[in-house]
Amino acid sequence: MSPEDAGVRFVAKNMRLDLRLIGEMVAPGARVLDIGCGDGGLIEHLFTTKGCDARGIEIDMALVTRALALGLPVMHGDADTDLAHYPDGGFDYVILSRTLQAVERPREVLRQMLRIGTRAIVSFPNFGHWLVRGQLLAKGRMPMTATWDRMWFETPNIHPCTIRDFFDLCAAEGYAVEQWLAADEAGGRAPWRRFPRLANLFGEQALFLLRREFVGRAGPTGFDSGGRRD
Amino acid sequence: MDQIVSPGPASAETTHQHVTFEDGLALECGARLERMTVAYRTYGMLNAARTNAVLVCHALTGDQYVAERHPVTGKDGWWDVLVGPGKPLDTDRFFVIGANVLGGCMGSTGPRSVRPNGEVWGTEFPPITIRDMVRAQKRLIEHLGIARLFAVIGGSMGGMQVLQWAADYPENVFAALPIATASYHSAQNIAFNEVGRQAIFADPDWQGGQYWRTGAIPARGLGVARMCAHITYLSEQALTRKFGRRLQAAPKDAGEVMALFGGMFEVESYLQHQGSTFVRRFDANSYLTITRAMDYFDLGADHGGDLASAFRGTRTRFLLVSFSSDWLFPTPESRAVARALNRAGANVSFVEIGSDKGHDAFLLDEPDFHRTIAGFLSGCAAHAKL
């Protein structure tokens, strides 16, 4: 892959959201792999605040160099091709923060995540947000918002999805949704998180904690079947 | 090639700091060295707990003079840019050890050493492997009273030694930094080594390897070997940037016939200079022995064809670095090692540094590379509570 391609694949992140919300989901001392870790901010946060054995993969070589210069264990690699080289169950959590929509094969990446990790934490920008829907409806053009801020021909986000789409994929793949929430761009928890259809309309970001086996309904949210019915 | 003169290896007269192990070393080939000398240099201070030692493994033609003026050549240490006070490998903080490899010619036991019967080893010197080199270094480390190395670092053949260290002594290596290297020597690399060896064999002064008897050295053969190898250390861009098609001297008038041979282009003169300076410091039989050791190296094959099994269960922290224009040890070979380490569940960092300087980049002033090394070492030091 040429450096230009790698540049396009890079996804800008809101580190505050990742640090706070994802940090809350990870148990202390856990083994963590952060895919698309950027310069390693989350890895450092998990190591210093929770004593985690956290490592990262990043596709952008300049960010890898920056992370390494900060003393963080990061490896240059691509979520689409490098996860296959990790052993089964090597991690307690595998994190994919705001990157799912930018990988070539999101379903395969999720499968790999839940093969090498007991749990997966996935965050992505919600394409079902009302502004996105509204712009497409009103203007008939690809939406440009604070979250979706790159032109269609240069965006790294080649696989956008909505919160409800993601619930459907989890059900189809047999992943248990242990926790989920919708948030605004700044990482504030959305009050409508108990109501998936509202979350899908008003949440700018979505965050899911998945577990490998589907053991019954995703109880706490009460979302599962209701979300798929309509 | 006329510039290559034969002043004789000056290093033979220089006494190098060393330790001799009277009980020798059993080699992988089955032979046994009755006595073994390891020449070494150290920089910085070993702390009271003896936990801050870093072993630097040198490449094919390097030696133990890592970060000081070389007593034979008078040149700066080969890794002066990386090793020293306040540098990425900070000698104010770490106790840095450089050792001449087994089979070398800068004071450690090698083909130029005198064997117990009073004769020079020469080509009778047993074949050495990378593992033998590492086992010799292990003896030195024990001699220095160091139970666990904080880090082992090296580029090229030095990186092979780092991988061997991590595979054979995982409990004795906290961090391993194999730079611009691979888990096996590729067919292309063996091929280049063979050209070099054949050049040495073809030199009448080599005298079947017994050149010391007449006081001659196979300077032309060894010089050609060095020239050939030196091309593989550079990149096309680096050669173009440095020399392009520039001529040594333009013809004085149109009537002058340009020399068909000799130093016409600048790049030729550069390579010839590389060759002629090399033969003054390096022993031809050592060159044969060490290039062979590199060719033998295949860590995966030594572990049933699965490189990951060489590292399974390791707690060593790894940093692999490759350089984008290195075609001798290209990035995919480092990536393959990184992936094997992933399969083994190891803690591995890996980055390719953008550089147009070819394989030699690991020896040169590459700020991104140096930042990476410094950051990784300080991160490891935090984990080691150093």
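In which strand of chain B does Val19(B) lie? Val19(B) belongs to strand 1 of chain B, residues 18-21; strands are DSSP runs of E of at least two residues, and helices are runs of H or I of at least four, both numbered from the N terminus.

## Basis of the model

The model is predicted: local features need pLDDT of at least 70, side-chain atom pairs count only at pLDDT 80 or more, and totals for chains, interfaces and linings use all residues. Residues are numbered from 1 along each chain as its sequence is written, while chains are lettered from A and ligands numbered from 1 in the order in which they are written.

## Surroundings of Val19(B)

Val19(B) is partly exposed because 15 other C-beta atoms lie within 10 Å (buried means 20 or more, exposed 12 or fewer, partly exposed in between, with C-beta atoms placed from the backbone). Leaving aside residues up to four places away in sequence, Val19(B) touches Val38(B), Leu140(B) and His143(B); contact requires C-beta atoms, placed from the backbone, within 7 Å.

## Contact with chain A

In chain B, 21 residues are in contact with 17 residues of chain A. Helix 8 (331-343), strand 12 (347-353) and helix 9 (367-383) of chain B each supply at least two residues of the side of chain B that touches chain A. Helix 9 of chain B gives the most to that side, with eight residues.

By class, the side of chain B that touches chain A has six nonpolar, nine polar and six charged residues. Nonpolar covers Ala, Val, Leu, Ile, Met, Phe, Trp, Tyr, Cys and Pro; charged covers Asp, Glu, Lys and Arg; the others, Gly among them, count as polar.

How values were computed
Contact = placed C-beta atoms within 7 Å.
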